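Please look at the sequence and the structure first.

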Amino acid sequence: MPSAPFTSDPRQPCSRPAGIPDSQLAGPFAVGDYAAALREQLRSFARVQLIGELVNLRTSRARVYFELRDAAGAVPCAAWRADWETMLAHCAAGEGSPEGMQVVVAGGCDYYPGSATSSPGFSFAVVDMRIAGEGDLLARIARLRKKLDGEGLLERQKQLTVPLLPRSIGVVTGETGKARDDVLAALRRRGWAGRVVWGFAPVQDRHAAPAITRALGDLASVGGVDVVIVARGGGSLADLLCFCDETLCRTVALLRVPVIASVGHHTDRTLLDEVAAVSCSTPTHAAEAAVGLDCARARADQAVAAARLQDHARRALLLRARELAALARAPAAHLDRQRGRLHQLLRETRAGSRRRVAEELTLTARRALVLARKTDSSLRDCRGRRARELERFALALDAHDPQRTLARGYALVESRRGEPLPSAARASEHEQVRVRFADGVLDAAVRKR
């Protein structure tokens with residue numbers, strides 16, 4: 001290490017205060033001189049290649065910062081933005097972010113000495129990088145994803161229905177994070193006036209996953225919570241690692257309340273996003289997904305519809321009022337017209353009836369006269385014809401009169417009861433018979449031979 005910064009300036013013998021008494025250490029030296037000497041010493045170290053897992057990737061306008069980690073330690077790294085884009089273009093997996101990948105970087109130690117207004121910092125200045133393979137972190141996440149998928153836990157939340165207009169929303173986020181303000185602002189823009197139940201928990205460290213799991217359980221046990229939002233801002237893969245916790249993912253999958261995950265930015269993807277019912281890119285998007293109906297717009301549309309309905313009702317009422325007024329004036333005239341029409345019909349009916357009666361009487365008289373004439377003629381004909389027929393019938397009856405037969409000398413044998421006995425066999429069946437002659441009846445006894 002150069003010794004110049006660690007020696008006093010002979011031209012300024014009184015510019016440095018006295019050191020610690022009885023101390024065997026050199027100095028004191030100015031901090032800026034020591035920091036500059038330290039930077040030169042670190043930069044003089046040999047350039048080397050490091051292999052490790054790239055995590056905590058973040059960018060600024062001119063620089064890119066990340067960490068290389070393995071099981072034994074971690075080294076902060078930095079690269080210029082232009083060099084970083086060139087390195088990504090040369091990487092085999094340059095289409096996406098190398099975060100979580102196993103990489104080999106080339107470079108050397110660097111030190112920023114800071115100033116009166118900025119803090120110092122050590123980093124490994126990276127000038128080249130190559131992808132070495134999948135990092136242990138991504139491999140563990142992939143294995144856990146496959147395990148949860150095999151148990152069907154990635155689809156359980158997808159089967160739940162997020163209500164269109166929930167009455168109560170649970171939110172799990174950091175108490176002082178920007179995600180909380182984003183959720184509230186989005187809900188206000190939606191015009192939603194329901195209840196927000198907060199479940200504050202750390203969203204970045206090794207204690208975050210158990211705390212988030214407990215907060216979710218508490219919110220699920222609160223009656224009336226219709227949907228739960230888990231939100232935090234963006235960060236590196238290491239920052240979001242708590243949202244890939246197996247216990248947390250299993251808890252979310254088994255909840256009966258739909259969970260909306262909003263972790264990181266649209267490029268970040270955690271296991272919680274795959275397990276949750278809905279995955280959103282930002283806390284604002286999550287709040288809009290939780291309240292599917294824009295209440296403010298719905299109220300405005302409802303007000304417009306109500307005004308339109310009121311206008312239609314007013315116009316319909318005026319139209320009906322005019323019609324009713326016209327109908328109220330019409331009954332008298334209508335009755336007069338109907339009364340005149342009925343009188344006219346009555347006169348026509350009476351006149352028609354009289355004409356009809358006269359015609360029927362005339363027709364009846366004519367028919368009666370004709371009928372009388374026919375009756376007289378028929379009666380005269382009938383009288384002559386009936387007399388002749390009666391004479392003919394009398395002659396026929398006389399010809400067949402049994403009395404006349406008896407008068408010619410014949411006799412009629414009858415039983416005691418007056419029954420004719422036309423044969424001797426019939427007569428022999430009786431002991432007494434009656435013999436009828438033309439001038440009388442004699443009783444006779446039958447003698448059998």
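## Basis of the model

The model is predicted: local features need pLDDT of at least 70 and side-chain atom pairs count only at pLDDT 80 or more, while totals for chains, interfaces and linings use all residues. Residues are numbered from 1 along each chain as its sequence is written, and side-chain values use heavy atoms, with hydrogens and water left out.

Helices (H or I, at least four residues) and strands (E, at least two) are DSSP runs numbered from the N terminus. Two strands pair if DSSP finds at least two bridges between them.

## The parallel sheet

An open sheet of five strands has the order β7-β6-β8-β9-β10, and its pairing is parallel. At its edges are β7 and β10 (278–279), each of which pairs on one side only. Helix α5 packs on this sheet and touches β6, β7 and β8. The direction of α5 makes about 170 degrees with that of β6; axes are lines fitted to C-alpha atoms, for helices over the stretch in contact, and angles run from 0 to 180 degrees between N-to-C directions.

Within the sheet, five bridges join β8 and β9 in the parallel sense. Opposite Val-228 stands Val-259 in β9.

Helix α5 covers residues 208–221, 14 residues in total. At 1.5 Å a residue the helix should span 20 Å, and its end C-alpha atoms are 20 Å apart, which agrees. The expected span is 1.5 Å times one less than the number of residues.

Buried residues of α5 include Ala-208, Ile-212, Leu-216 and Leu-219; buried means under 20% relative accessible area, exposed over 50%, and partly exposed in between (1.4 Å probe, protein chains only). The buried residues of the helix pack against β6 (168–173), β7 (195–200), β8 (227–232) and α6 (246–254).

The largest nonpolar core has 36 residues, and those with the most contacts inside it are Val-172, Ile-212, Leu-216, Val-228 and Phe-243. The largest share of this core, seven residues, comes from α5. Such a core is a set of buried Ala, Val, Leu, Ile, Met, Phe, Trp, Tyr and Cys residues joined through side-chain atoms within 4.5 Å. Leaving aside residues up to four places away in sequence, Ile-212 touches Val-172, Ala-201, Pro-202, Val-203, Phe-243 and Leu-248; contact means heavy atoms within 4.5 Å.

## Ser-262

Ser-262 is found in strand β9. This serine is buried, with a relative accessible area of 0%. The Ser-262 side chain reaches the backbone oxygen of Thr-282 at 2.7 Å. Not counting residues up to four places away in sequence, Ser-262 also touches other residues, among them Val-230, Ala-231, Cys-280 and Pro-283.

## Antiparallel strands

Strands β1 (residues 48–59) and β2 (residues 63–69) pair in the antiparallel sense over five bridges, and a hairpin joins them through three residues. Glu-53 stands opposite Arg-69 in β2. Strand β2 is also joined by seven bridges to β3 (residues 74–80), again antiparallel, in a hairpin with four residues between the strands. Here Val-64 stands opposite Ala-79 in β3.

Six bridges join β12 (residues 432–437) to β13, and Arg-434 has Asp-443 in β13 as its bridge partner.

Technical notes. Polar contact = N/O pair within 3.5 Å; in protein donor to acceptor, adjacent residues only side chain to side chain.
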